[in-house]
Structures are given as structure tokens and as C-alpha cells.
Amino acid sequence: QIKSVKADLLEKNIGYIRLTSFNENSGKQIEREIKKLEKNDSVKSYILDLRNKQGGLLSQAIKISDFFLENGEIVSTKSRKASENRKWFATKGDLTNGKKLIVLINYGSASASEIVAGALKDHKRAILLGENSYGKGSVQSIIPLKNKGAIRLTVAKYYLPSGKSISEVGVSPDIEIGEENDDFRIKTETDNQLDYAIKLLNG
């Protein structure tokens with residue numbers, strides 16, 4: 001089991017959750033970390049860090065979005081044939097009980113990360129902070145060939161609850177904060193985006 005989630009308590013009152021990869025265990029791991037943080041009465045808000053997170057499983061993106069939502073559409077896919085179009089919806093129960101949420105995104109946030117960030121933004125559940133995301137909104141199928149090779153074929157596109165496509169445009173932040181200097185490293189003293197998010201929550 002690959003550990004794909006890092007959690008921490010910042011400033012004694014902010015639950016910080018960073019996704020290091022989207023794999024089949026990510027949803028379970030995030031759920032476990034949120035429940036752990038929720039037991040701490042001093043936690044007043046959350047930061048979900050999706051920076052530099054490419055690709056990943058659609059099922060996990062849906063699951064993670066659902067943890068913060070009570071209801072509503074999360075994402076839909078549209079294919080060439082209308083009969084193959086699909087929609088996914090949130091189920092009742094926000095694990096954080098509606099606490100303030102900031103989602104950190106940047107140019108390296110792609111695909112599954114964009115679905116989570118876009119759904120939480122469209123439902124006005126979170127404030128997105130950072131830079132515009134990458135813009136990978138296509139669904140691909142791997143078709144095996146007889147010569148042991150394979151074709152990767154784009155079969156559908158992802159659409160956010162607002163009806164916008166992620167493809168080539170990405171998700172834009174509510175508050176645009178670029179990386180300040182060349183020494184920038186996520187979750188270190190040089191992380192001005194995280195610093196801004198903390199100040200905003202404790203403002």
C-alpha cells in the first residue's frame with residue numbers, strides 16, 4: 001500500500017492534507033486523516049494541497065470531492081455517443097462539517113486534481129488559491145493490440161458541475177498567488193502560497 005496522503009496540524013488549528021498521488025488507497029487515507037483531525041476540537045479549518053498532482057483515478061477524485069460535499073454533481077463525462085455520457089453525484093455527509101476549506105492548486109495540478117478542485121469551487125465549498133491548473137480534461141482508454149503493444153485513445157472529456165470543460169483551460173484559482181522565488185519548495189519556509197492560505201484562514 002503506497003502512502004499517498006500526508007497530514008499535519010498547522011498553527012494548532014488548521015488541518016493540512018496533501019495528496020502525493022491519486023491511487024486506489026487515496027480516498028481511504030484521506031478519510032482516515034480527516035476523521036483523526038476532526039477528533040481534535042481545536043481544528044477550525046482545512047487546507048487541501050493538490051499542487052503538482054497529475055493524473056490518477058477518477059473514482060478517487062469523486063470520493064475525495066464527496067468527503068467535503070453534502071450533495072450536487074461532482075463531474076460528468078461526455079463521449080461521442082450521448083448514450084455513453086455519465087454523471088457522478090455527491091452523497092450526503094461532509095466529513096469536515098462544513099468547516100472553512102482552501103484548496104491549493106498550480107500548473108502541475110492535472111486531471112483528477114482538477115476534478116476535485118473544480119467541483120469544490122463550483123459548489124462554493126472551497127476557496128481555490130495558487131495558479132491556474134494544467135488543463136487535462138480527457139478520459140483515456142488503453143486498447144491492447146496483438147503485437148503486445150497498445151493504443152491510448154481519448155474516449156470522453158470531463159466537465160465540471162458548471163458545465164465547463166477542463167480541457168486545455170484548466171481550473172482558475174479564486175485568489176491568484178504565484179510562486180515567489182526560485183527556492184520555492186512545497187511546505188517549507190519558501191512556500192508563500194501555503195503561507196498566504198494560513199494567513200487567510202487565521203485572518
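Student: With a relative accessibility of 42%, is K78 buried, partly exposed or exposed?
Tutor: The model is predicted: local features need pLDDT of at least 70, side-chain atom pairs count only at pLDDT 80 or more, and totals for chains, interfaces and linings use all residues. Residues are numbered from 1 along each chain as its sequence is written, and side-chain values use heavy atoms, with hydrogens and water left out. Buried means under 20% relative accessible area and exposed over 50%, with partly exposed in between (1.4 Å probe, protein chains only). At 42%, K78 is therefore partly exposed.

Student: Which residues does K78 touch, leaving aside those up to four places away in sequence?
Tutor: K78 lies in strand β4 (residues 73-79); strands (E, at least two residues) and helices (H or I, at least four) are DSSP runs, numbered from the N terminus. Contact means heavy atoms within 4.5 Å. On that basis K78 touches N85, A156, K157 and Y159.

Student: What is the strand order of the open sheet of four strands?
Tutor: Two strands pair if DSSP finds at least two bridges between them. β4 and β9 pair in the antiparallel sense over four bridges, and S76 stands opposite Y159 in β9. The pairing in the sheet is antiparallel, with the order β5-β4-β9-β8.

Student: Which strands are at the edges of that sheet?
Tutor: An edge strand here pairs on one side only. The two are β5 (86-89) and β8 (138-144).

Student: How is α1 oriented relative to α2: roughly parallel or roughly antiparallel?
Tutor: The axes of α1 (residues 26-38) and α2 (residues 58-67) come within 9 Å and cross at roughly 20°; axes are lines fitted to C-alpha atoms, for helices over the stretch in contact, and angles run from 0 to 180 degrees between N-to-C directions. Angles under 35 degrees count as roughly parallel, over 145 as roughly antiparallel, 65 to 115 as roughly perpendicular and the rest as oblique. So α1 and α2 are roughly parallel.

Student: Which residues of α2 meet α1?
Tutor: On the α1 side the residues are S26, G27, I30, E31 and I34. Their partners in α2 are Q60, K63, I64 and F67.

Student: What is the phi of E168?
Tutor: Most residues other than glycine have a negative phi. E168 is in the loop between β9 (150-159) and β10 (175-176), and is exposed at 74% relative accessible area. Although not a glycine, E168 has a positive phi of about 65°.
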